[in-house]
Amino acid sequence: MNTEELKELQAPLKAKYRETPDAAVITLKADGTLGDGITCSVQTGKALTAAGLHPAAGGNGLSACSGDMLLEALVACAGVTLGAVATAIGVNVKKGSVHAEGDLDFRGTLGVAKDAPVGFKTIRLRFELDTDATEDQIATLLKLTERYCVVAQSLREAPTFSISRRT
């Protein structure tokens, strides 16, 4: 897809959302089913993924770790966003890769130390890009990718969060 094709594809959506802001608010959903042992099966849209405990929390390593899945979602979102932004601003990326790393202190997850946080303490996102773009263009590309990446922004600015139960 080139810049003009992307703009043509998105123009009616942008116009609709400007005219009717409520039309731009979409609820995404994910569902899981509690499984055998300590697992939860999650439908990803393309496959069923069994999530379980990370080996550092007592898992056997055979199930997907939800922390890994969070980083994978970040990599996927950032990669797609970078591609869309590059296309929109006319930056040619010949090829590239996206890498995410996050640091967890499992003392918090396992309730060993109350002062240890539960969840990622830090997350690092790195791009390796093969491009002829200038340093200024790359800086703009990365700035806009960070700005428009839904997962990155959800991690940066925590959304309102609630938990409930149905019987």
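Visitor: What is the relative accessible area of T145, and is T145 buried or exposed?

Guide: T145 has a relative accessible area of 2%, so it counts as buried. Buried means under 20% relative accessible area, exposed means over 50%, and partly exposed lies in between, using a 1.4 Å probe and protein chains only.

Before going further, a word on the source. This is a predicted model, in which local features need pLDDT of at least 70 and side-chain atom pairs count only at pLDDT 80 or more, while totals for chains, interfaces and linings use all residues. Residues are numbered from 1 along each chain as its sequence is written, and side-chain values use heavy atoms, with hydrogens and water left out. The score pLDDT is the predictor's confidence in each residue, from 0 to 100. Its mean over the chain is 90, and 100% of the residues reach 70 or more. Confidence is lowest in strand β1 (residues 32–34), with a mean of 79, and highest in helix α4 (residues 135–148), with 97.

T145 belongs to that helix, α4. Helices (H or I, at least four residues) and strands (E, at least two) are DSSP runs, numbered from the N terminus. Apart from neighbours within four places in sequence, T145 is in contact with A78, T81, L82, V85 and F127. Contact means heavy atoms within 4.5 Å.

F127, one of the contacts of T145, sits in strand β6 (residues 120–131). Beyond its neighbours within four places in sequence, F127 touches A78, L82, S97, V98, L142 and T145. F127 and K16 are 111 residues apart along the chain, and their C-alpha atoms are separated by 33 Å.

The axes of α2 (residues 66–89) and α4 come within 9 Å and cross at roughly 130°. Axes are lines fitted to C-alpha atoms, for helices over the stretch in contact, and angles run from 0 to 180 degrees between N-to-C directions. The two helices, α2 and α4, are therefore oblique to each other. Angles under 35 degrees count as roughly parallel, over 145 as roughly antiparallel, 65 to 115 as roughly perpendicular, and the rest as oblique. On the α2 side, A78, T81, L82, V85, A86 and I89 take part, meeting T140, L141, L142, L144, T145 and Y148 of α4.

Helix α2 also meets α1 (residues 3–19), with axes that come within 7 Å and cross at roughly 105°. That makes α1 and α2 roughly perpendicular to each other. T3, L6 and K7 of α1 make this contact with A84, T87 and A88 of α2. T87, a residue of α2, is buried, with a relative accessible area of 19%. Setting aside neighbours within four places in sequence, T87 is in contact with M1, N2, T3 and L6.

Last, the cysteines. A search of the whole structure finds 0 disulfides, a disulfide being a pair of cysteine sulfur atoms within 2.5 Å. C77 is in no disulfide, and the nearest cysteine sulfur, that of C149, is 3.2 Å away. C77 is buried, at a relative accessible area of 17%.
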